[in-house]
Amino acid sequence: MIKNYIKIAWRNIIRHRSFAFLNIAGLAVGLAASILILSWAQHERSYDSFHADIDQLYRVTSTLDQENFRAAVSPSPLAPELKERMSEVADFVRITLPRTHYFEYNDGRYEEKAVIYADTNFLDVFTFPLVAGNKASALQRPDGIVITARMARKYFNDENPIGKVLKIDHTQQVTVTGVLKDIPNNSHLQFDYVLPLTFLNKDHFLYPHDDWGHFIYYSYLRLQPLHSTMNTELNTLEQHINEIYREHVEGTLLKTTYQLQPLKDIHLHSQNLQVELAGRGNYQYVNTLFFVAIFILVVACINFMNLATARSTRRAKEVGLRKVIGANRLQLIFQFLGEALMIAYFSFALAIGMVWISLPLFNNLANTTFGAAFFNLTFFLSALGIATFMGFVAGIYPAIYLSSFIPIKVLKGIFAGSGTGNLVFRNTLVVIQFVVSIMLLVGTLLAYQQLNYLKNRNLGFDKSGLVYVPMVGDIWGQQQAYRNALRDNPLTANFSVTDDVPTNLRSGTIDYYFDGKDPNSSLILPTMDVDEHFLDVFDMQLIAGRSFSPQFGNDSSNYIVNKTLVSHMGLSPQQAIGKPFTLWDKKGMIIGVVKDFNFKPASQIIEPIVLKYNDWGGMVVIKAPTNQLEATLKALRKINTQLNPNFPFSYGFVDRDLEELYLGEQRLSNLFNFFALLAIFVSCLGLYGLSSYVAERRAKEIGIRKILGSSSFSIFYLLSKNFLVLVAIAMSIALPFSWYAGKTWLASFAYRIDIHWNILILAAGIATLTAMLTTSYQAWKAARTNPVDSLRDE
Amino acid sequence: MIKITNLQKYYRTEEVETVALNNVSIHVKEGEFVAVMGPSGCGKSTLLNIVGLLDDLDEGSYLFNGTEVAKFKESNRSNLRKHNIGFVFQSFNLIDELTVFENVELPLVYTKVPAAERKRRVEEVLEKVQIMHRRNHFPQQLSGGQQQRVAVARAVVNNPKLILADEPTGNLDSNNGNEVMQLLTELNEAGTTIVMVTHSEHDAKFADRVIRMLDGQVIMETVGS
């Protein structure tokens, strides 16, 4: 019996190849797409799960001024104090932001950007296994460094790295005491070097001083196993933490509160956190893409159901006959379900091939590194599971429907397939497909526009041609010579000395005062240290007062503020000039007001900022003359290597850094676009199949109409009309929904586009055009057929 | 074998109710060859479908081998059908995707006959209808007469007590038609009861008895030549 079913299914596939191809290809594309998305989502959700104590690990995050400012960092004495005072805290470890250092070994000299400093028990709290060295002692000696296997190969090739001495920043030495297995992709901490905090000098700003107002560390706690996963227990702990903190601070710092963020939530749930480590994901994107995957599967299943029921007339005779001969309904349901499963398994095989081929493209789009290990047993089993589920879902309705035929009717040629119930069902499915497609289309267009808007929004300064070079090594000692050298070359003469570039500022203080300041306010005020050329180099607009200038003597206690800060002070720009302002106990006055400019990702609203005079250095930002970027870089390299021969020349571009801020968004937007287009493609595949079926079924009608004098065009119109009506219905459902969904999505951006009606029209237009193109080929073919051919068949 | 008494059958659409069969009573004895004749639309096919348990009756009684089957559920009917009744249709109704052998084998598959036994019986019956040499062909590769011989083979492979034939020669030329009639006669002589609906006076002559119908009623019964 089973053999008979397989035989029939196989011969049906072979006999109706093109139809079977549509079915198999549609399901395969759907499967492949969902496999990729689900794997990606799985990867995103798997972050940090490799830590042995994952359920006990938490990061302490801070909130200032209620919910307005949340940060991933906390002050240095907090974690040790919590361990001391709270029995629930089993252990803690503090980590700094990744730092840049220059390492040398023999002839090898490299700039390394992934160096972190950590407490000595770093390797106890986290599960980063060592391939060489001793976990307990590796970070005990102050000059001991733990490096990854990748870096060990880079510096020492095949030599045993343990005990090797690396020169750091050309002045100090560190000894390799441990080699780590390379850090997994799905770790929120990405680093290549770990140094103990004890390596730092006492005067270094990162040294763990007893300063409760300085938020510079990522603090992680390992809690004793919690009695329950209920939030109440965590809330109690958080309250206790806040009480302990308040014993140590006064004033506005009292407004800071702390939260415990589970380690496993860090990757996907840190959107609102400032001073966060780079590379965080976003659970909303994971959910959105997850839904897109489900949509694609649903669309592929709908295709299958649609084509299978549409083709029911062809199978009707067989059903009738089998029933006459003695088949019962259950046997027929099994038969058709079996066929659907067979198609699904063919699709599965094809989908595996598609995934294999598209993996490099996907890796590129999603910035993942899925490789051969991707195709493991779990993968095959879950893909097979999805395929089986799909086959079942897609096959069950056609199976029930086909098996319901009454033999005497179908054998006489009266097809239940022409009944209105079935037609309504099929049309409903087509409408659903189009609703989904149009919504995805609107989503794609909106995401594209919004991202473009963010990228091209007027930042308040001109980002083009800005090169920055951090001051390192010997430059510090010869700043005047450096400035002179830059000034002497027309290519580099237009420069400014700052402490940072305004792409994603991380600084901020609450230690400032102006007349009339609300004593309860704990507004965080970002700061930047800039020199007298800053406004010119960045082409920023001064709206009142003046810039810093050596002509006015000592500007070191004068300040330039932005328009937002002036508004916050309740003044007009002109009124603000000359008003006293105190920053870090340094009393001075406001000498200028600058037009608002972005210094954080453009998705965030512009905050107040204060610019103070830079008399110490940091980095130089050079505005390269138009079209002379290459020459400028060459000149910079020359100046730097002359003055600073022991350090490699490193530089960055402001516009590229800004691009990178949107890399994550850009990537997800690309992924979304790609899969949205796939969903639409699969819909079209189904529509094409359906239109060919309709043309075939109405061949006789078309023949008669043509004999009675109908033109080819009116036949074409007749066949296309129905599909267009369906598209119109879909539009009237999809457009209001998309409008609403788009509005909700955009609301999360501080600066956003309006949903213009032309986007909706465009999406609707594309959908209609696609539907027309898809169906018109078959309609055109049918309209051109010689009526004698179609009537002779009868 | 078949005893139908006072059968009423209506067809209803949304607005009208038509009487398809009105007060029909027929009696077919085991081993008989009965032809049912009448103009198009007289209800003869409907009658055949009811006899074959493919359609149900609205009123009246139907005794099949002494059992009242008028109120049988579909599962019981299907069971009765597959063990006792073979069907031959005007348009052959072979499954296009199956070969000659597989088409004939199908009823045995549904009655769960073991594979070896199936092979034996299918070959035996294919020999009988002289189509053995075409056993691996698909229906489209055969002539109409050959297709109908396959259909007859399929109808008898389960050794049914009753064969119902609905205009079995309607789509055939006279030579092929005669061959099929010959085949049915042989089966009847071997003991199978046959009820055949036909338009053809020529075919009706092969039957023991002819029931003539008009407008849903039996109007005359004649004993054949």
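Start by selecting helix 5 of chain B, which is mostly covered: 11 of its 13 residues are buried (buried means 20 or more other C-beta atoms within 10 Å of the residue's own, with C-beta atoms placed from the backbone; helices are DSSP runs of H or I of at least four residues, strands are runs of E of at least two, and both are numbered from the N terminus). You're looking at a predicted model, where local features need pLDDT of at least 70, side-chain atom pairs count only at pLDDT 80 or more, and totals for chains, interfaces and linings use all residues. Residues are numbered from 1 along each chain as its sequence is written, and chains are lettered from A and ligands numbered from 1 in the order in which they are written.

Now show side chains. Among the buried ones are B:Gln146, B:Arg149, B:Val152 and B:Arg154. What do the buried residues of this helix pack against? Colour strand 6 (85-88), helix 3 (100-110), helix 4 (115-128), strand 7 (162-166) and helix 6 (174-189) of chain B, and you have the partners (contact means C-beta atoms, placed from the backbone, within 7 Å).

Next, bring in chain A. Here 18 residues of chain B are in contact with 17 residues of chain A. On the chain B side, helix 2 (74-84) and helix 3 are the elements that give two or more residues. By class, that side has 9 nonpolar, 5 polar and 4 charged residues (nonpolar: Ala, Val, Leu, Ile, Met, Phe, Trp, Tyr, Cys and Pro; charged: Asp, Glu, Lys and Arg; polar: the others, Gly among them).

How far can you trust it? The predictor gives the complex an ipTM of 0.82 and a pTM of 0.76. Chain B has a mean pLDDT of 89, with 99% of its residues at 70 or more (pLDDT is the predictor's per-residue confidence, from 0 to 100).

Then move along chain A. Pick domain 2 (54-274) and domain 3 (437-460 + 659-794) from the domain assignment, which is automatic or from a database; their C-alpha centres lie 51 Å apart.

Last stop: residues 671-694 and 715-735 of chain A, among the spans that an unreviewed UniProt entry lists as "transmembrane region"; such annotations may be inferred rather than shown by experiment. Residues 671-694 are 100% helix, with end C-alpha atoms 35 Å apart. Residues 715-735 are also 100% helix, with ends 30 Å apart.

Definitions and conventions. A residue is buried if 20 or more other C-beta atoms lie within 10 Å of its own, exposed if 12 or fewer, and partly exposed in between; C-beta atoms are placed from the backbone. Two residues are in contact if their C-beta atoms, placed from the backbone, lie within 7 Å.
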